[in-house]
Amino acid sequence: MKRKVIQPKSHHRWKTKLFSVFLLSFCFGSLVLVQTQCYDRIKMLTLLPPPSVQRPKIAFLFIARNRLPLDMVWDAFFKGEKEKKFSVFVHSRPGFLLNKATTRSAYFLDRQLNDSIQVDWGEASMIQAEHILLKHALMDPSNERFVFLSDSCLPLYNFSYTYDYIMSTSTSFVDSFADTKEGRYNPKMHPVIPVHNWRKGSQWVVLTRKHALVVLKDEDIFPMFRQHCKRRSLPEFWRDHPLPADASKEHNCIPDEHYVQTLLAGGHEGEITRRSLTHSSWDISSSKDRERRGWHPVTYKYSDATPMLIQSIKEIDNIYYETEYRREWCSSKGKPAPCFLFARKFTRPAGLRLLNMSVLGVR
């Protein structure tokens, strides 16, 4: 008969203890290794330069015929900004290039769009050009504000002041008021555009990213404008001639003076500051210069470009809207402020004269 060999219990206990010691040592060593690696990683990260934080940018959207006659005024304006908190887009006639032969400013080199269209004053093509500019500018997620400018616009202040003024509010700046006098509303636009949403104002608006997307995605209001809001021809100096008896020849609807205002009146009017940041002078009743008497605002020439002119624009602190009996007092950051950051229409000699006199504050 064979005996069973029974292992002593002490032998099993010794094995268990040995395994436990080994497991504990392994875990402790792993913990030390992980901590060492984490410490080395943290130390390495502290030695790296801090990641750059991209501040919100303003997209400056220029609508030009060809070259930008005031490019050197804007060059001085942009040179004052070291953090690149802006981008530039130019819509000019198809085929025109902004190169070293057509601009002396590096900020405009090759900034023209390659899908531009021919734009005619008083036609829906102006709105199409605005859409094209927004399409390109919205591709950059850092662009938070969108400023529309003509080729005769110039800045009144330096970049820092302009940036802070525009970015200090979450609203768009859109000159918008009820158009009750000129009869430009076409009843055929109803019901897509009800008459109580019909607005008028300057096309030189400043849009937030939200409202820029509203404009770009619009598929309802623009077709109505293209079909029913059209310019009627009149003699250039119509004030010197009696109006024609044929009503169809009377000046009718200018799309760019109504489109953005009317579009945003349909649900977004409470989100905008209802005034423009761009000054234009329409007070031409006393002018003896026939060239200044038409459907366009005054063009300031070399002789007009004086410190007094710029100061008079900068001192405007309120705007009165007659059709709404509304006075818009201008403010920034909750305090009284000048109404305008930009002004038009200035010739190249006028702009350069103001730049050389250092009255614009762009340097």
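Biologist: By this rule, to what number does the count of salt bridges come?

Modeller: This is a predicted model, in which local features need pLDDT of at least 70 and side-chain atom pairs count only at pLDDT 80 or more, while totals for chains, interfaces and linings use all residues. Residues are numbered from 1 along each chain as its sequence is written, and side-chain values use heavy atoms, with hydrogens and water left out. A salt bridge is a side-chain nitrogen of Lys or Arg within 4 Å of a carboxyl oxygen of Asp or Glu. By this rule the count of salt bridges is 13.

Biologist: Which residue meets E83 in a salt bridge?

Modeller: The N to O distance of this salt bridge is 3.8 Å, and the partner of E83 is R55. The pair links distant parts of the chain, 28 residues apart: E83 is in the loop between helix 2 (71-79) and strand 2 (86-91), and its partner is in the loop between helix 1 (9-47) and strand 1 (57-63); helices (H or I, at least four residues) and strands (E, at least two) are DSSP runs, numbered from the N terminus. The residue asked for is R55.

Biologist: Is E328 buried or exposed?

Modeller: Buried means under 20% relative accessible area and exposed over 50%, with partly exposed in between (1.4 Å probe, protein chains only). The side chain of E328 meets that of R326 in a salt bridge of 2.5 Å, N to O, and R326 has a relative accessible area of 14%. Because its relative accessibility is 18%, E328 counts as buried.

Biologist: What is the bridge partner of N318 in strand 12?

Modeller: Two strands pair if DSSP finds at least two bridges between them. Strand 11 (residues 318-321) and strand 12 run antiparallel and are joined by 4 bridges, forming a hairpin with 4 residues between them. Strand 12 (residues 326-329) has a covered face, R326 and E328, and an uncovered one, R327 and W329. The partner of N318 is W329.

Biologist: Why are the buried residues of helix 6 on the same side?

Modeller: The buried residues of helix 6 (residues 221-228) are I221, F222, M224, F225 and H228. They lie on the same side of helix 6 because the arc they cover around the axis, taken from the directions from the helix axis to the C-beta atoms, is only 160°.

Biologist: Which helices are included in what covers the buried residues of helix 6?

Modeller: Contact means heavy atoms within 4.5 Å. What covers these residues of helix 6 includes helix 3 (125-137) and helix 7 (259-265).
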